[in-house]
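Colleague: I would like to learn how to read a model like this one. Can we go through it feature by feature?

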Amino acid sequence: ATAWQRFFVTLCGALMNFILGVAVLLVLVLTMGKVGSTTIADFSENATSSAALQEGDTILQICSNPCWTLYDITDWFYTAEEETYNVVVLRGSEVLELQDVTFTPTRDADGNVLYGMDFRVEPMKKDLRHVIVMTCDMYIYYSRAILGSFFDLLAGKVGVEELSGPLGTVSAVNQAVHYGWREVLSLLALLTINVGIFNLLPIPALDGGRIVGLLLTTLIERITRKKLNPKYEAWINGVGMVLLLLLIAVITFKDIFHLFT
């Protein structure tokens, strides 16, 4: 097989995880009772954000971060405390920048937090267009979260001790099973997209490393007009595989240690 044929086969194999992730997310969206938008429907009792926001406002940004989906909004409200953010909204045909908008968690009669926001959003009509848009938005949301974790790991914001291997994955699946099949599907989508992104990293022994290697090999052969010895590629992939197996072994031992402590 030529280098381009090998490149095409490797790329198709690498994309299979992404295709599976899309399929799982599509099932999740289709089985949702309602598909939430980013437009405010109404406010909960004693909502503080209603002093600046209005019903019908579409949230475009929070602290300069774009809000494409409801998940982008709820990501900001994960504590049981009041939060103050700068918010950009679309009100009618006008884009407004609202400074220091305070949000209060919605609580039940006993004072327990129901959710971090003090407003509810309008549901979108679940037609073909919105289903596709929501599936793509969820895929982008998951991908951004995974890539953010990779960048945090490289920047030292997240330690290796927070990584999970096969045992950690099994434990996460067991926990998801207790919450229901939707949580299992959500975790499956996250795992498949995670594997797909990780597999495309330019690391020897991974598909991303092989793709980069094939492109470099083709470029060098075009320039030098000489065919490279395949043993060099095999040696690089072998070293990468050994390092990858060592990383998996370290993470697995870490999971075992946490399992029995």
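Colleague: Which residue just after α3 takes a positive phi?

Modeller: Glycine 156, with a phi of about 85°. A word on the source: this is a predicted model, where local features need pLDDT of at least 70, side-chain atom pairs count only at pLDDT 80 or more, and totals for chains, interfaces and linings use all residues. Residues are numbered from 1 along each chain as its sequence is written, and side-chain values use heavy atoms, with hydrogens and water left out.

Colleague: How many helices and strands does the protein have?

Modeller: Helices are DSSP runs of H or I with at least four residues; strands are runs of E with at least two; both are numbered from the N terminus. The protein has seven helices and eight strands.

Colleague: Which residues of α3 are buried?

Modeller: Buried means under 20% relative accessible area, exposed over 50%, partly exposed in between, with a 1.4 Å probe and protein chains only. An α-helix has 3.6 residues a turn, so residues three or four places apart point the same way. The buried residues of α3 include Val131, Met134, Met138, Tyr142, Ile146 and Phe150.

Colleague: Why does threonine 192 count as buried?

Modeller: Because its relative accessibility is 7%. Threonine 192 is in helix α5, residues 181–199. Contact means heavy atoms within 4.5 Å. Leaving aside residues up to four places away in sequence, threonine 192 touches Asn17, Leu20 and Gly21.

Colleague: Now the strands. How many bridges join β1 to β8?

Modeller: Two strands pair if DSSP finds at least two bridges between them. Five bridges join β1 to β8 (residues 119–124), and the two run antiparallel. Isoleucine 40 has valine 121 in β8 as its bridge partner. Strand β1, residues 35–43, is mostly covered, with seven of its nine residues buried.

Colleague: What do β4 and β5 form?

Modeller: A hairpin, with two residues between the strands. Glycine 92 in the turn has a positive phi of about 70°. Eight bridges join β4 (residues 83–91) to β5 (residues 94–103), in the antiparallel sense. Glutamate 83 is bridged to phenylalanine 103 in β5. Strand β4 also pairs with β2 (residues 58–62), antiparallel, over four bridges. There, isoleucine 62 has valine 87 as its partner.
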